[in-house]
Amino acid sequence: MLKAVILIGGPQKGTRFRPLSFEVPKPLFPVAGVPMIQHHIEACAQVPGMQEILLIGFYQPDEPLTQFLETAQQEFNLPIRYLQEFAPLGTGGGLYHFRDQILAGGPEAFFVLNADVCSDFPLNAMLDAHRCQRHPFLLLGTTANRTQSLNYGCIVENPQTHEVLHYVEKPSTFISDIINCGIYLFSPEALKPLRDVFQRNQQDRQLCLALGEDSPGLWPGAGTIRLEQDVFSALAGQGQIYVYLTDGIWSQIKSAGSALYASRLYLGRYEFTHPERLAKHTPGGPQIRGNVYIHPTAKVAPSAVLGPNVSIGKGVTVGEGVRLRESIVLHGATIQEHTCVLHSIVGWGSTVGRWARVEGTPNDPNPNDPRARMDSESLFKDGKLLPAITILGCRVRIPAEVLILNSIVLPHKELSRSFTNQIIL
Ligand SMILES: Nc1nc2c(ncn2[C@@H]2O[C@H](COP(=O)(O)OP(=O)(O)O[C@H]3O[C@H](CO)[C@@H](O)[C@H](O)[C@@H]3O)[C@@H](O)[C@H]2O)c(=O)[nH]1
């Protein structure tokens, strides 16, 4: 019997995702037409013997999250529960805090998945690798180029045995081009080192209190465990941690730009995994180019041209003569006639007026470098806003016949003119 845990974090973590994370918790942001973590759940549900999926985070269990859980349970016919941390406990603290729930029923192993990654989740292959050796920790690894590797957990492996000999979280100089994908398979024994870290933290705290040196700023919150630094770095080279290398699709989803890139990766996989989700050209229907997802409730005019890499949400209206490419249009938005939307995300309930042009600049990984990853974009360089995808927050109104280029428009704004390279507050 197996279980899976998805680490969904909490509200203050989605900062690079603003303004899109204002409306919906980041793990529920639609990527290729479905909530980000539905891809994780679909992958877990396909592993034979999967008994339960637990979401661990520090979001308040609000309406969208509760509704998502109910729908997902029915769809996948699996118990899917949300366990709320009383405070952010780090990537390992929640696993230790909820250990009894994770181990209830005696799973042989459990997957741990970061919510903010896009992957083809080779979970069955990881399980096969785990069953050969049954080491406590198996990490999914992939490659990144030298510069980009510094943004991830870096792994030095023994190439023969795949044992992790050395692990450094986001090093300041190059360590290895093998990076941690944030997708793990742990055996129940993996909780022992977490307990050791927990107890050590408590003892250190007691000692400090006894010495009268208590300064809350110096100590991680009670129960905080950083899986990467406290466990992987500490245990590397001791025969407990192994890496399973993949060359399948993988990307982090930290920013809106990376959500668009992840959407392209998932749409590309739908051909094999969910062909029914890909829009087909039908007589009298819109022209479809490449991979496009259209929610069944969306109304798309027959003269519109969509694709590649477009995803149209629930209840969206797309007018005559519209051109949409490399974009996500979120539910309830209206794209009026003859509008052009390229490399952009149009927020919930927003309206783009007729003959307007909404355009962004893609920041995709270098296609000539097979190890290139999406850069964890920062919005500014030398005090200037870098050209990036255009994002319209929710219920934004763009008038007719204007150009919105490389800009971020915060929710509920009614624009009256064109804007280029601006954040419109
Ligand atoms: N439940 C819970 N989840 C958390 C917490 N803090 C972070 N998370 C979740 O844990 C995952 C990792 O989040 P970060 O702490 O932001 O780490 P990172 O910068 O994404 O780096 C991690 O992922 C990379 C791969 O995407 C790895 O390369 C890296 O080593 C590390 O594991 C995310 O899904 C996030 O929502 C917490 O306190 N509680």
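Start by selecting Arg277: this residue counts as partly exposed because 19 C-beta neighbours lie inside 10 Å. On that scale, 20 or more other C-beta atoms within 10 Å make a residue buried, 12 or fewer make it exposed, and partly exposed is in between, with C-beta atoms placed from the backbone. You are looking at a predicted model, in which local features need pLDDT of at least 70, side-chain atom pairs count only at pLDDT 80 or more, and totals for chains, interfaces and linings use all residues. Residues are numbered from 1 along each chain as its sequence is written.

Arg277 sits in the loop between helix H9 (256-273) and strand S14 (287-288); helices (H or I, at least four residues) and strands (E, at least two) are DSSP runs, numbered from the N terminus. Contact here puts the two C-beta atoms, placed from the backbone, within 7 Å.

Next, colour domain 1 (2-252) and domain 2 (280-424), whose bounds come from an automatic or database domain assignment. Their C-alpha centres are 32 Å apart. Where they touch, domain 1 gives 15 residues and domain 2 gives 21 residues.

Finally, move to the ligand. Which strand supplies the largest share of the shell around the ligand? S11 does, with four residues. Strand S1 (2-9), strand S4 (50-57) and helix H3 (90-97) are among the elements that each supply at least two.
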